[in-house]
Structures are given as structure tokens and as C-alpha cells.
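Subject: Structure handover

Hello,

Here is the structure I promised to pass on. Please open it first, then read the notes below.

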Amino acid sequence: MTGQIHSIQTLGATDGPGVRFTIFTSGCPLRCACCHNPDTWEQGGTETDASELIKKAERYREYFGDTGGITVSGGEPLMQAGFVTEIFKLAKEKGINTCLDTSGCVLNDEVKALLEVTDLVMLDIKYTTAEDYRKYVGCEFSLVLEFLEYLQRAGKRTWIRQVIIPGLNDNEDNIVRLRDLIRSNSVVEKAELLPFKKLCEVKYENLGLEFPLKDTPEPKPQQMAELRVKLNSN
């Protein structure tokens with residue numbers, strides 16, 4: 001089976017546990033204000049066969065160790081769920097760990113089949129209110145909550161990530177809501193708060209697009225440390 005990919009990163013250290021071979025798919029239905037990969041929004045990337053991706057990944061297998069493996073990110077990989085399922089099936093046949101990096105904006109039978117061959121889900125929960133999701137993401141927060149509820153019912157290992165954006169979600173109320181959401185879902189093993197970055201501005205310029213958050217500052221390390229303490233407090 002073939003699908004459309006944007007790029008590949010070998011020996012990645014931030015896309016799941018251990019060292020990862022990360023595949024970035026093309027196509028995303030969301031238009032997040034903080035998106036750092038606007039070049040993955042549209043479908044039409046490089047047409048690639050799933051088996052060829054596994055062959056490439058195997059070249060780096062000696063670096064995976066006991067915890068590394070393959071991560072599929074995007075874009076939004078759920079837009080090509082059948083293709084990603086084929087990648088993960090082939091990976092599982094080779095004994096390679098599989099990780100899905102997703103916004104959780106789609107849940108259907110095809111996505112459920114994908115989750116059956118997924119070892120770990122990294123779920124990006126961007127905000128904790130429906131209003132913010134509509135305004136800054138372009139989808140309903142209820143879709144993400146439904147996705148997380150399904151992960152809980154399926155007993156699927158889950159990590160949650162949130163990018164902290166000054167003036168949008170860097171407040172205590174958001175962190176408390178996120179903390180409560182995490183604690184109400186036992187499948188969540190880990191939660192990460194990541195600082196908003198503006199390195200993507202050049203991508204927007206090259207695409208002739210305006211970066212919605214160009215005037216938003218990056219959070220300071222001290223602020224990030226305080227929010228992480230709050231997230232993990234009782």
C-alpha cells in the first residue's frame with residue numbers, strides 16, 4: 001500500500017520513547033494557530049510504499065535499543081489511517097515498536113483498526129476549552145475528548161502533550177483542567193508541556209502565508225518550570 005509522506009527523520013529523540021524513525025505524513029484538516037509545519041497541511045506529498053519505509057527503518061534498527069522504534073506524525077496521520085496501519089502491521093511483524101503522534105481529531109473504524117497495531121499514542125491536547133479549539137484549531141474539543149475516551153476503553157498506552165503559548169493557554173485554569181483530564185484517564189502514562197517556538201516563521205514566509213502568532217512571545221524557561229510543577233501538583 002502507498003501513501004503520501006512529507007518527510008522522514010532518522011534517529012529522532014523527541015518523537016516518543018528512545019530513538020525513533022519518524023515518518024511525517026502529508027495532509028491535515030486542522031489549521032492550528034501555532035502550527036510549526038504548515039508545509040504538511042496539503043496532501044500531495046511523495047507517494048511512498050509502506051514496505052519501502054519499513055526497509056529504510058530497519059537500517060537504523062541497531063539504534064532503537066529496547067525502547068525505540070517507528071513514529072508516524074504529520075500533518076495528521078489519521079487522514080491516511082489505512083496507510084499508517086499497513087506501516088505499523090509490517091513494523092509489528094519485524095518486532096519494531098510503533099508510536100502514533102496525533103491530534104485525535106478523527107475516530108472511525110479505520111482509525112480504530114490503526115490503534116490495534118499502535119503500541120503508544122502521543123496525543124496533542126492543544127487547549128482545554130471548546131471555545132479555544134474552535135478559534136485556534138478549527139475543530140471541536142469534543143472530538144479529542146471522544147478519542148481519549150476510546151483510548152481509555154481500549155487500554156492504549158498514551159502520552160499527552162501540550163504546547164504552551166503565552167496569552168492563550170499559559171494560565172493556571174488551563175493547567176488545572178489538563179491535570180484533571182489526565183488524572184481521570186489511567187492510560188495516560190506521561191504528560192509533557194512544550195514551549196511555543198517561532199522557528200517556523202520562515203516556512204510561512206516561503207509559503208506566502210502569515211503566521212497567526214507572529215507577535216506572540218515564546219514562554220520563558222522559568223514560566224515553563226512553574227507550569228510543570230502545577231501540572232504535577234496535588
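First, the ground rules. This is a predicted model, in which local features need pLDDT of at least 70 and side-chain atom pairs count only at pLDDT 80 or more, while totals for chains, interfaces and linings use all residues. Residues are numbered from 1 along each chain as its sequence is written, and side-chain values use heavy atoms, with hydrogens and water left out.

The whole chain

The chain has nine helices and eight strands. Both are DSSP runs numbered from the N terminus: helices are H or I with at least four residues, strands are E with at least two. The radius of gyration is 17 Å, close to the 17 Å that the globule rule gives for 234 residues, so the chain is as compact as a globular protein of that length. That radius is taken over C-alpha atoms, and the rule is 2.2 Å times the number of residues to the power 0.38. The C-alpha atoms fill a box of roughly 45 × 45 × 35 Å along the principal axes.

Buried residues make up 50% of the 234 residues. Buried means under 20% relative accessible area, exposed means over 50%, and partly exposed lies in between (1.4 Å probe, protein chains only). Take contacts (heavy atoms within 4.5 Å). Among those between residues at least 6 apart in sequence, 71% join residues at least 24 apart.

The sheet

Eight strands form an open, mixed sheet, in the order S3-S1-S2-S4-S5-S6-S7-S8. Strands count as paired if DSSP finds at least two bridges between them. S3 (46-49) and S8 (188-195) are the edges; each has a single partner strand, so one side of each is left without a neighbour in the sheet. From one strand to the next, the twist averages 30°. Angles run from 0 to 180 degrees between N-to-C directions, with axes fitted to C-alpha atoms, for helices over the stretch in contact.

S1 (residues 2-12) pairs with S2 (residues 20-25) in the antiparallel sense, over five bridges. Ser7 stands opposite Phe24 in S2. Ile8 has Ile23 as its bridge partner in S2. S1 and S3 also run antiparallel, joined by four bridges. There, Ile5 is partnered by Thr46 in S3.

Helix H7 (residues 172-183) lies across S7 (158-164) and S8, and runs at about 175° to S7.

Helix H4

Which residues of H4 (residues 109-116) are buried? They are Val111, Leu114 and Leu115. They cover an arc of only 100° around the axis, which puts them on the same side of H4. The arc is that of the directions from the helix axis to the C-beta atoms. Asp109 and Glu116 are exposed on the other side. The cover over the buried residues includes H3 (81-93), S5 (97-102), S6 (120-124) and H6 (141-154).

At the start of H4, a side-chain oxygen of Asn108 comes to within 3.1 Å of the backbone nitrogen of Glu110.

Thr85

Thr85 is found in helix H3. Its relative accessibility is 8%, so Thr85 counts as buried. The Thr85 side chain reaches the backbone oxygen of Ala81 at 2.7 Å. Leaving out residues up to four places away in sequence, Thr85 touches Glu110, Ala113, Leu114 and Val117.

Best wishes

Definitions and conventions: A polar contact is a pair of N or O atoms within 3.5 Å; within protein, one must be able to donate a hydrogen and the other to accept it, and residues adjacent in sequence count only if both atoms are side-chain atoms.
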